[in-house]
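Welcome to this short tour. Please open your viewer and keep the sequence panel beside it.

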Amino acid sequence: METSRASRPCICPNCGKEYICPEGQGRPAFFPFCCERCQWIDLGKWLTGQYRISEDLPPGDAQDEKK
Ligand SMILES: [Zn+2]
């Protein structure tokens, strides 16, 4: 029986996407979100006081997979 404690499936609080997140120190900086973009989106919700998706994403992180 194998128990992989290195990582486990998590649900992104922003987009609800399921992803594999490492535990402990291996966690990404944008934990518990699936990606940095989701972290910024969620942060923007709180900053604007409106819990909705904001289109005002900060520049520099626009290199998304748009193909
Ligand atoms: Zn997400």
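Helices here are DSSP runs of H or I with at least four residues, strands are DSSP runs of E with at least two, and both are numbered from the N terminus. This is a predicted model: local features need pLDDT of at least 70 and side-chain atom pairs count only at pLDDT 80 or more, while totals for chains, interfaces and linings use all residues. Residues are numbered from 1 along each chain as its sequence is written.

Start by colouring the protein chain by element. From the N terminus on, the order is β-β-α, which gives two strands and one helix.

Next, select residues 7-11 and 18-22, which are β1 and β2; K17 lies in the loop between them. Is K17 buried or exposed? K17 is exposed because it has 12 other C-beta atoms within 10 Å (exposed means 12 or fewer, buried means 20 or more, partly exposed is in between, with C-beta atoms placed from the backbone). Across the protein chain, 6% of the 67 residues count as buried.

Leaving out residues up to four places away in sequence, K17 touches both C12 and C34; contact means that the C-beta atoms, placed from the backbone, lie within 7 Å. K17 and C34 are 17 residues apart along the chain, with 7.1 Å between their C-alpha atoms.

Now move on to residues 36-48, helix α1. Its 13 residues reach 18 Å from first C-alpha to last, close to the expected 18 Å (1.5 Å times one less than the number of residues). Finally, click on G49: just after α1, G49 takes a positive phi of about 75°.

Technical notes
Two residues are in contact if their C-beta atoms, placed from the backbone, lie within 7 Å.
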